[in-house]
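Please keep the sequence and the structure in view while reading.

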Amino acid sequence: MNTRPMMLIAGLCLLLGAMASAQEPQASPPPDPVVPLRARLLDFSTVLSNEGFRLRDSFWSGRLEAGKPRRLAVNLFAGNSYWFCAAGTPEVRPVLALYDPQGEPVTGLVYDGDGLTAVGVTAGATGRYVVEVKAPRGAAADFCLIYLFK
């Protein structure tokens, strides 16, 4: 049996398949603007980790516009300590606020610098709290939020 014609056909199929799958080189997608924000937050969280805080495994990000706050519901436990940390662009530094299960503002320690904002609190009661992130003024900007607990 002569296998040469079959090998030629197989080679031709491979060549045509390679040509069909070859495409014009595409420009790489624009970089994700949240990546450097999250990196800054992770650097900042190292200090809190040294104090025994553990980073929650998720992060939240999005776009902030003046007058349109973003809200995140979180379950906190009485007696546990938490740090909520947000990073924004140099033009728009996020403002953080925390509300207890009754909707009352929660006060705590505040850090504000280096394009970062952080609020440290100890939960007075177990329940669903709301973290509010807003832009104080200016144009829309990206933000990233993480939180740590102890």
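A residue is called buried when its relative accessible area is under 20%, exposed when that area is over 50%, and partly exposed in between, as computed with a 1.4 Å probe on protein chains only. This is a predicted model, in which local features need pLDDT of at least 70 and side-chain atom pairs count only at pLDDT 80 or more, whereas totals for chains, interfaces and linings use all residues. Residues are numbered from 1 along each chain as its sequence is written, and side-chain values use heavy atoms, with hydrogens and water left out.

The predictor's confidence in each residue, pLDDT, runs from 0 to 100; its mean over the protein chain is 82, with 79% of the residues at 70 or more. Helices (H or I, at least four residues) and strands (E, at least two) are DSSP runs numbered from the N terminus. Confidence is lowest in helix α1 (residues 4–21), where the mean is 54, and highest in strand β6 (residues 105–106), at 96. Where pLDDT is low, the predicted coordinates should not be read in detail.

Helix α2 (residues 34–49) comprises 16 residues and spans 22 Å from its first C-alpha to its last, close to the 22 Å expected at 1.5 Å a residue, the expected span being 1.5 Å times one less than the number of residues. Its buried residues are Val34, Leu37, Leu41, Phe44, Ser45 and Leu48, and these pack against β2 (60–64), β4, β7 (109–113), β8 and β10. Arg40 also belongs to helix α2, but with 29% relative accessibility Arg40 counts as partly exposed. Leaving aside neighbours within four places in sequence, Arg40 is in contact (heavy atoms within 4.5 Å) with Ala87, Gly88, Asp114, Gly115 and Leu116. The C-alpha atoms of Arg40 and Gly88 are separated by 9.7 Å, although the two residues are 48 residues apart along the chain.

A nonpolar core is a set of buried Ala, Val, Leu, Ile, Met, Phe, Trp, Tyr and Cys residues joined through side-chain atoms within 4.5 Å. The largest such core has 21 residues, and those with the most contacts inside it are Val74, Phe84, Leu96, Val131 and Leu145. Two or more residues each come from β3 (70–76), β4, β5 (95–99), β8 (116–122), β9 (127–134) and β10, with β10 giving the most, four residues. Val74 touches Phe84, Gly127, Arg128, Tyr129, Val131 and Tyr147, not counting residues up to four places away in sequence. Apart from this core lies another, of 14 residues, among them Val34, Leu37, Trp83 and Ala118.

How many aromatic pairs does the structure hold? There are five, where rings of Phe, Tyr and Trp (its six-membered ring) pair if their centres lie within 6.5 Å, and planes under 30 degrees apart count as stacked, over 60 as edge-to-face and the rest as tilted. The rings of Tyr82 and Tyr147 have centres 6.3 Å apart and planes at 55°, so this pair is tilted; it links Tyr82 in strand β4 (residues 81–88) with Tyr147 in strand β10 (residues 141–149), 65 residues apart. Phe84 and Tyr147 form another tilted pair, at 5.0 Å centre to centre and 35° between the planes. Tyr82 and Tyr147 are buried, as is Phe84, and Trp60, Tyr82, Phe84 and Tyr147 form one aromatic cluster.

Finally, the cysteines may be considered. Cys85, at 1% relative accessibility, counts as buried, and Cys144 counts as buried at 0%. The structure holds zero disulfides, a disulfide being a pair of cysteine sulfur atoms within 2.5 Å.
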